Amino acid sequence: IIFQNTISFDAHEVSTVYFNGAKFILLLLLSIPVLYTVIRLLKYVPENVLFAIGAVLYLVVGCYLITHIQMQLRHDSGICYWNALNYVKGNFTYLQKGDYFYMYPHQLGLASYDCLLVLMSDNQNLVFFVNLLWILLADFFAWRTMVLLHADKPLLRKIVLLLSFLFLPNL
């Protein structure tokens with residue numbers, strides 16, 4: 001709450017920690033009554049409706065971002081994707097001693113996943129769209145897990161749903 005962390009998008013991926021400042025802390029304090037009011041209103045909204053609204057909004061915003069913003073995969077995910085394109089064409093040079101996957105073999109799983117996507121289309125937007133679907137699936141299973149674990153606490157389940165869709169780190 002007091003600090004924020006940013007990571008540069010250049011090749012070095014430098015992490016920098018900043019003090020949030022008084023404006024952020026004041027805004028956070030002012031948001032507490034809003035959050036309290038929203039939580040009190042949640043008891044009037046059925047869970048399945050809350051999930052449907054969140055999923056549709058997430059899909060709309062995600063599809064808009066995917067189709068209207070020029071995005072490039074970069075760093076590790078970009079290397080895995082570009083090599084998946086090469087693997088489909090029969091080029092396996094990055095697997096040689098001293099190259100990327102020799103040094104970072106744990107990335108072969110992501111490269112294999114990207115190969116499956118590249119077989120469907122070589123458009124990078126497919127990667128972003130499939131990731132959007134995975135996120136929705138994860139939110140769905142988080143909700144359904146809460147139903148299994150806390151059958152007697154509908155408000156808690158609704159709060160989990162709300163938080164799942166409010167904080168969109170993957171968009």
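## A bend in helix α1

Helix α1 has a bend of about 25° at Ser-31, and a proline, Pro-33, follows within four residues. The model is predicted. The helix covers residues 22-41, and at 1.5 Å a residue its 20 residues should span 28 Å. The C-alpha atoms at its ends are 29 Å apart, which agrees with that expectation.

Ser-31 itself, found in helix α1, is partly exposed, because its relative accessible area of 31% falls between the limits of 20% for buried and 50% for exposed.

## A nonpolar patch on the surface

Four residues, Ile-2, Phe-3, Val-17 and Phe-19, form a nonpolar patch on the surface. Together they have about 440 Å² of accessible area.

One of these residues, Phe-3, has its place in strand β1, which runs over residues 3-7. Phe-3 counts as exposed because its relative accessibility is 55%, and the cut-off for exposed is over 50%.

## The largest nonpolar core

The largest nonpolar core holds 28 residues. Those that touch the most other members are Phe-51, Tyr-58, Tyr-81, Phe-101, Leu-161 and Phe-165. Two or more residues of this core come from each of α2 (47-68), α3 (75-88), α4 (100-103), α5 (108-120), α6 (124-149) and α7 (154-166). Helix α6 gives the largest share, seven residues.

## Ala-84 in helix α3

Ala-84 is found in helix α3. Is Ala-84 buried or exposed? Ala-84 is buried, since its relative accessible area is 0% and buried means under 20%. Along the chain, Ala-84 and Leu-116 are 32 residues apart, while their C-alpha atoms are separated by 8.5 Å.

## One salt bridge

Side chains of opposite charge can pair when their charged atoms come close. In this model the count comes to one salt bridge. Arg-157 forms a salt bridge with Glu-47, and their closest N and O atoms are 2.5 Å apart. Arg-157 lies in helix α7 and Glu-47 in helix α2, so the pair ties together parts that are 110 residues apart in sequence. Arg-157 and Glu-47 are both buried.

Terms used: Residues are numbered from 1 along each chain as its sequence is written. This is a predicted model: local features need pLDDT of at least 70, side-chain atom pairs count only at pLDDT 80 or more; totals for chains, interfaces and linings use all residues. Side-chain values use heavy atoms; hydrogens and water are left out. The expected span of a helix is 1.5 Å times one less than its number of residues. The bend at a residue is the angle between axes fitted to the seven residues ending there and the seven starting there. Patches are made of residues with over 30% relative accessible area and no salt bridge: like charges are joined within 9 Å, nonpolar side chains (Val, Leu, Ile, Met, Phe, Trp, Tyr) within 5 Å. Accessible areas come from the Shrake-Rupley method with a 1.4 Å probe; for residues, only the protein chains shown count as cover. A salt bridge is a side-chain nitrogen of Lys or Arg within 4 Å of a carboxyl oxygen of Asp or Glu. Buried means under 20% relative accessible area, exposed over 50%, partly exposed in between (1.4 Å probe, protein chains only). A nonpolar core is a set of buried Ala, Val, Leu, Ile, Met, Phe, Trp, Tyr and Cys residues joined through side-chain atoms within 4.5 Å.
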